Amino acid sequence: MKTKIGMMLLAAGLGMAAPVMAAELVVIVNPKNPASRMFSEQAAQFFLGKSSLFTPIEYDDGVAIRNEFHAKVLQKDSAQVKTIWSKLVFTGKGTAPKEYKSAAEVKKAVAADVSAIGYIDKAAVDDTVKVILTVQ
Amino acid sequence: MKRPLRSSFVIAILSTFTLSAHAIDGPTITISGFGTAALTMTDTDLAEFIRPNQSNGAGKSPRTGVDSNLGLQATAKFSDRISFTAQGLVRKVAKDSYGAELAWAFAKFKASDEIDIRIGRIGLPVYMISDFRNVGYANTMIRPPAEVYRQVNGGTLEGIDLIWQHSFGDTTVTSQFAYGNAKTRSPGNSSVEFKPATAIHIIAEHEPFTFRFGRADAKFSVYGNAPLNGLLTTLNNVGLSTVAKDLKVVDCDGSFTSVGMTMDYKGFLIQSEYAVRKTDTRVVMDTTSYYAMLGYRIGKFTPYYYYGNIKQDTPRTYAGLPTTGPLAALTAGVNSVVKSALQSTNAVGVRWDFHKSAALKVQVDHISPRDGAGAFVNVKPGFSGPVNVYAAGIDFVF
């Protein structure tokens, strides 16, 4: 038990120490999605389970861009976001977003689903996805 | 928290369902879980501290049974519109041993982007945090305040509900209408049945506020409560059938009306509920209960304080019965079942999000029972409050 908690603490510490990148973030949708522009607040509601009009695509816990997106666009820390989703999931009202490791996988998921919404580093954008919001 | 996996086994079983919707893909199964591992103790051995509807609780020696639980949930998504969710919950309730319950098992049909219809065993949305009160990780406090959360026992409904979520500008309104039957086991082999129950649960979210209105109505009956049934039989035998009628336990009408709010603004947290219970039987007393929690998030730490209280709105004694002579004992019996458990709680605690999927909580409750033993059980002679309750636990989700 002690070692397990120790490992958890270590993991938490490493999480905090992860560098926050200052790159530009973009919110992306499927090219077939008729939406062309979106405000941060609108994008945030899909990632906080307030609307199921679009299907959010997330990164795995601990991927740096996830923390950055949560702070800048959702204006919450990742523990708060997790708490919000645990309410939705364990009441059966929502399904937590699918999580992926990399921008390439997120792009693939967005390209495969007309209603999907995701976010990637601006440098990773290509014509398989459509940018609807740029976050400074 | 979430692990999507394709299961060929499930595909084989459910292929008849999925043929029309997803002939090639099969359902996506998601398994997730939550739990709390906690120790609870008090500063007295003359009574036991419980969560609502538990039969045994904690005294001076620390116990795991009060605040610990483990939940497992599986969701099978057959198409964008149809999914099936089942949740199992292990905890101590009604009996002094851990038991597994099927908390929910329902099919969900997404009628539109805004409307969901669920059929099966669903959560009964009596309180603001009804549906996630067992998910410690989703809550700031270690447990829901008993003053409000012991007013209606009954977490699950066999029935149907409709959930409508709509945004009016920056305000998201979620309205839930539920209808069905519910049965809850209580300590001592008794049970409470709601047949039928209806519930309305409306939440308006406007950052940083959430406002909630709830109303539940039920035709309810209490079965198998031997002391109460014995009392009613005696009352009828001695010709006090009007008194027995006032203390009826079958086909009673009850309602529970509540309002609540939360705020999460720049680290300041507020969570509060106010609830009124009304019934047409004196054994389930009319009550007014409320609590308010204030917290402040500093990085990964959230210290908080809460105050909770309950008042009884019907008289605590039955007027007009003889207090001397041969029926005095019967009068005492009647008066003992028309008194609700009154108490107030001041509590302080801290939540520490020490891990990305786990939080440690420590909470101290200072509980003051009034005119009786409050919500404490297995009370021994000489007990009197106030009582301090100490609890520490780790909440996790996966």
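**Figure 1. The largest nonpolar core in this predicted model has 90 residues.** Which residues touch the most other members of this core? They are Ile28(A), Val110(A), Ile117(A) and Ala197(B). When it comes to giving residues to this core, strand 17 of chain B, residues 387-397, gives the most, with six.

**Figure 2. Chain A meets chain B here.** On one side of the meeting place are 26 residues of chain A, in contact with 31 residues of chain B. Which parts of chain A each supply at least two residues of the side that touches chain B? Helix 1 (2-17), helix 4 (78-90) and strand 3 (98-100) do. Helix 4 gives the most, with eight residues. Sort the residues on this side of chain A by type and you get nine nonpolar, 10 polar and seven charged.

**Figure 3. Val81(A) sits in helix 4 of chain A.** Is Val81(A) buried or exposed? Val81(A) counts as buried because it has 20 C-beta neighbours inside 10 Å, and 20 or more is what it takes to be called buried. Leaving out neighbours within four places in sequence, Val81(A) is in contact with His70(A), Leu74(A) and Lys76(A). Now find Ala71(A), which is 10 residues from Val81(A) along the chain. The C-alpha atoms of Val81(A) and Ala71(A) are separated by 9.9 Å.

**Figure 4. Chain B is built from five helices and 17 strands.** Its radius of gyration is 23 Å, close to the 21 Å that the globule rule gives for 398 residues, so chain B is as compact as a globular protein of that length. Along its principal axes, the C-alpha trace of chain B spans about 80 × 45 × 45 Å. How much of chain B counts as buried? The figure is 42% of its 398 residues. As for contacts in chain B with a separation of 6 or more, 60% of them are between residues 24 or more positions apart.

Notes:
Residues numbered from 1 in each chain as written. Chains lettered and ligands numbered in written order. Predicted model: local features only at pLDDT ≥ 70, side-chain atom pairs only at ≥ 80, totals over all residues. Contact = placed C-beta atoms within 7 Å. Helix = DSSP H or I, 4+ residues; strand = E, 2+ residues; numbered from the N terminus. Nonpolar A, V, L, I, M, F, W, Y, C, P; charged D, E, K, R; others polar. Rg over C-alpha atoms; globule rule 2.2 N^0.38 Å. Buried ≥ 20, exposed ≤ 12 C-beta atoms within 10 Å, placed from the backbone. Core = buried A, V, L, I, M, F, W, Y, C linked by C-beta atoms within 7 Å.
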